[in-house]
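Here are my notes for you, colleague. Please keep the chain open in your viewer while you read.

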Amino acid sequence: MSGTVVEILLAPVAAELPRSVGWARARAGRGLEGDRYFTGRGTWSNYPVRSGIDLTLIEQEVLESVGLSGAQARRNLVTRGVRLNELVGRRFRIGKVVCYGDRLCEPCAHMERLTGTAVEALLHRGGLRADISTGGELRAGDAITLVPDLR
């Protein structure tokens, strides 16, 4: 399994359209510097579940199928060539950054209001919520690979 980061997106303020950047600093347990969730200003910043909030990812292939851009999807990373649903419960690496796939990032009514795309169009295809275990720089073009289990 190997994929690639196509785009990195940050929005410093909730409900603002994210902007594409060439790189971002990922911090373990915090998220991406410069993003609304890093500073606690995201729409879901007070969500009671504290895992799976560091990083969100979505597949370019899914975006193309529903006619959305990465910014409209409001996720941090757009990927290509990796089935994100298969990373739930697994450790993986994006470049040198180690992450854990916490749960699916299902679409919500908030996203539907902002994009006009029905929630059903992205049901079970809305991406992945991940924790950052080991921080570092993320760059567009970074490889996404599984971290082998140590069993």
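This is a predicted model: local features need pLDDT of at least 70, side-chain atom pairs count only at pLDDT 80 or more; totals for chains, interfaces and linings use all residues.

1. Residues are numbered from 1 along each chain as its sequence is written, and side-chain values use heavy atoms, with hydrogens and water left out.

2. Strand β7 (residues 91-94) pairs with strand β8 (residues 97-104) in the antiparallel sense, over four bridges. Strands here are DSSP runs of E of at least two residues, and helices are runs of H or I of at least four, numbered from the N terminus; two strands pair if DSSP finds at least two bridges between them. Two residues lie between the strands of this hairpin, and G95 takes a positive phi near 60°.

3. The pairing of β7 with β11 is antiparallel, over three bridges.

4. From β8 you can move on to strand β9 (residues 128-134), as six bridges join these antiparallel strands. Within that pairing, L104 has L128 of β9 as its bridge partner.

5. Do look at N76, found in the loop between α2 (70-73) and β6 (77-80). N76 is buried, with a relative accessible area of 5%; buried means under 20%, exposed over 50% and partly exposed in between, using a 1.4 Å probe and protein chains only. Not counting residues up to four places away in sequence, N76 touches E7, I8, L9, L32, D35, D54, L55 and T56, where contact means heavy atoms within 4.5 Å. The C-alpha atoms of N76 and I8 are separated by 5.7 Å, although the two are 68 residues apart along the chain.

6. Finally, the second largest pocket has a volume of about 150 Å³. A pocket is an open set of points on a 1 Å grid, where a 1.4 Å probe fits, with protein on both sides within 12 Å along at least five of seven lines; lining residues have an atom within 4 Å of a point. Ten residues line this pocket, and G29, R30, Y37, R50 and I53 lie nearest its centre. The lining divides into three nonpolar, three polar and four charged residues.

Notes. Grid points are joined across faces, edges and corners, and a volume is the space filled by probe spheres set on the points. Ala, Val, Leu, Ile, Met, Phe, Trp, Tyr, Cys and Pro count as nonpolar, Asp, Glu, Lys and Arg as charged, and the others, Gly among them, as polar.
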